[in-house]
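Me: I'm new to this structure and would like to learn how to read it. Could you take me through it one feature at a time?

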Amino acid sequence: MKKRIVIGVTGASGIIYAIDLIKRLKADPTIETHGIISDWAKQNLKLESDVSLKEFEEMLDYHYSNRDLGAAVASGSFLTDGMVIVPASMKTVAGISMGFGDNLISRAADVTLKEQRKLVIVPRETPLNAIYLENLTKLARLGVQIIPPIPAFYSQPKTIDDLVAHQSMKLMDALGIENHVSRRWKDSE
Ligand SMILES: Cc1cc2nc3c(=O)[nH]c(=O)nc-3n(C[C@H](O)[C@H](O)[C@H](O)COP(=O)(O)O)c2cc1C
């Protein structure tokens, strides 16, 4: 059986991270993707990329409206192997930390938490105020993996794609997906 990964994409800057990860998961025949794209993520897709919404949705095996609280991923009885929210807005992080499942992304995250499955969040905002930090801390204490898009330079990145690939490697590692996406520490030795 394929590994089922839910991907929430929200309206924080950095849609490029979602595009890169989804492309890599699409290329992996062992993975089945279930995507949810918020309204503001759709705006950012237009602002920050050359990828159309149709192309973006076609990269996913299944995609749902963020308003569809009756979708498969809204229920714990629909088995998944985890969820990643990339990029994650502070508004969505706040909703999840309060258990406020008013859209499918926050509901699916809620479900992932209550079923004690793997939840990975890529929060993107700067500077970080105490509200954001408290919300993220609360989630980290529940076992959520917080992987902000903070680049490492030991892999000697030359391009933006190199930086983004390194982030995708971290996300795939967190989701337990074998990958050789980017250079690892000591890889070259
Ligand atoms: C161009 C643009 C960039 C944004 N970047 C961020 C960001 O980096 N982080 C963030 O928390 N919110 C950001 N926002 C604000 C969110 O889109 C806004 O809070 C929205 O309500 C998030 O809703 P969603 O989480 O349902 O997508 C941005 C908005 C726009 C229009």
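Reply: Happy to. A polar contact is a pair of N or O atoms within 3.5 Å. Keep in mind that this is a predicted model. Here, a polar side-chain atom of E125 sits 3.2 Å from a nitrogen atom of the ligand.

Me: Which polar atom of T92 lies 2.5 Å from an oxygen atom of the ligand, a side-chain or a backbone one?

Reply: A side-chain one: a polar side-chain atom of T92 is 2.5 Å from a ligand oxygen. With G11 it's a polar backbone atom, at 2.7 Å from an oxygen atom of the ligand.

Me: How much of the ligand's accessible area does the protein cover?

Reply: On its own the ligand has 640 Å² of accessible area, and the protein covers 73% of that. As for the elements in the shell around the ligand, helix 2 (39-48) and helix 4 each give two or more residues.

Me: How many residues surround the ligand, and which are the closest?

Reply: There are 14 residues around the ligand, and G11, S38, S89, T92 and R124 are the closest.

Me: Now the record. What does UniProt list for "binding site"?

Reply: An annotation like this may be inferred rather than shown by experiment. The unreviewed UniProt entry gives G11, A12, S13, S38, S89, M90, K91, T92 and R124 under "binding site". From this set, G11, S38, S89, K91 and T92 are part of the lining of the largest pocket.

Me: Let's take A12 from that list. Where is the place of A12, and is A12 buried or exposed?

Reply: For burial, the idea is to look at relative accessible area: under 20% is buried and over 50% is exposed. A12 has 5%, so A12 is buried. You'll find A12 in the loop between strand 1 (3-9) and helix 1 (15-26). Setting aside neighbours within four places in sequence, A12 is in contact with N44, P87, A88, S89 and R124.

Me: S89 turns up there. Where does S89 lie?

Reply: S89 is in the loop between strand 4 (83-88) and helix 4 (90-98). S89 counts as buried because its relative accessibility is 12%. If you leave out residues up to four places away in sequence, S89 touches T10 and A12.

Me: And T92, which element does T92 lie in?

Reply: T92 belongs to helix 4. Its relative accessibility is 7%, so T92 counts as buried. Not counting residues up to four places away in sequence, T92 touches T10, I85 and I105.

Me: What would an exposed residue look like? Take I150: what is the relative accessibility of I150?

Reply: I150 comes out at 63%, which means I150 counts as exposed. I150 is in the loop between strand 6 (145-146) and helix 7 (160-174).

Me: One last thing: which residues does the "domain: Flavoprotein" annotation cover?

Reply: In the unreviewed UniProt entry, that annotation covers residues 3-170. Over residues 3-170, the chain is 42% helix and 18% strand. The end C-alpha atoms of that stretch are 17 Å apart.

How values were computed
Residues are numbered from 1 along each chain as its sequence is written. This is a predicted model: local features need pLDDT of at least 70, side-chain atom pairs count only at pLDDT 80 or more; totals for chains, interfaces and linings use all residues. Side-chain values use heavy atoms; hydrogens and water are left out. On a 1 Å grid over the protein atoms alone, a cavity is a set of points where a 1.4 Å probe fits but cannot get out, and a pocket is an open set with protein on both sides within 12 Å along at least five of seven lines; lining residues have an atom within 4 Å of a point. Helices (H or I, at least four residues) and strands (E, at least two) are DSSP runs, numbered from the N terminus. Buried means under 20% relative accessible area, exposed over 50%, partly exposed in between (1.4 Å probe, protein chains only). Contact means heavy atoms within 4.5 Å. A residue is near a molecule or strand if one of its heavy atoms lies within 4 Å of it. A polar contact is a pair of N or O atoms within 3.5 Å; within protein, one must be able to donate a hydrogen and the other to accept it, and residues adjacent in sequence count only if both atoms are side-chain atoms. Accessible areas come from the Shrake-Rupley method with a 1.4 Å probe; for residues, only the protein chains shown count as cover.
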